[in-house]
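Q: Could you take a close look at one part of this protein with me? I would like to start with the overall layout and then zoom in.

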Amino acid sequence: LLVGSVGPLATLPQVFLIYTKKEVAGVSIISWFLYLFLNLLALSYALLHKLKPLIISNFLWVTIDVAMILGYFIYR
């Protein structure tokens with residue numbers, strides 16, 4: 001559970017940079033859409049099998065993915 005939460009939290013500085021500096025140079029929107037798709041698949045699997053650590057981890061990743069994608073479209 002701890003390890004699954006560290007990855008998404010480690011990405012928060014990049015999210016903060018987008019929203020504070022309002023700059024998205026170097027952000028690959030295609031990659032973030034792919035991450036979102038894959039994390040939604042993994043979240044669906046975790047929900048189907050009631051795997052709490054994976055649900056939490058993938059929910060956090062989906063939240064980060066959406067924040068990155070929204071920031072990209074707001075500040076591009």
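Predicted model: local features only at pLDDT ≥ 70, side-chain atom pairs only at ≥ 80, totals over all residues.

How many helices and how many strands does the secondary structure of the protein chain come to?

A: The secondary structure of the protein chain comes to 3 helices and 0 strands, and read from the N terminus the elements run α-α-α. Along the principal axes, the C-alpha atoms fill a box of roughly 40 × 20 × 15 Å. The chain has 76 residues, and 29% of them count as buried.

Now let's zoom in on H2, which covers residues 29-49 and includes leucine 41.

How does H2 sit against H3? Their axes come within 9 Å and cross at roughly 155°. That angle makes H2 roughly antiparallel to H3, because angles over 145 degrees count that way. The crossing of H2 and H3 is left-handed.

Finally, follow H3, residues 52-75, to the segment after it, where arginine 76 lies. Arginine 76 counts as exposed because its relative accessibility is 66%, and the cut-off for exposed is over 50%. Valine 66 is 10 residues away from arginine 76 along the chain, and their C-alpha atoms are separated by 15 Å.

Note on methods:
Residues numbered from 1 in each chain as written. Heavy atoms only, no water. Helix = DSSP H or I, 4+ residues; strand = E, 2+ residues; numbered from the N terminus. Buried < 20%, exposed > 50% of the residue type's maximum accessible area, 1.4 Å probe, protein only. Axes fitted to C-alpha atoms, helices over the stretch in contact; angles between N-to-C directions. Parallel < 35°, antiparallel > 145°, perpendicular 65-115°, else oblique. Left-handed = near helix turned anticlockwise from the far one by under 90°.
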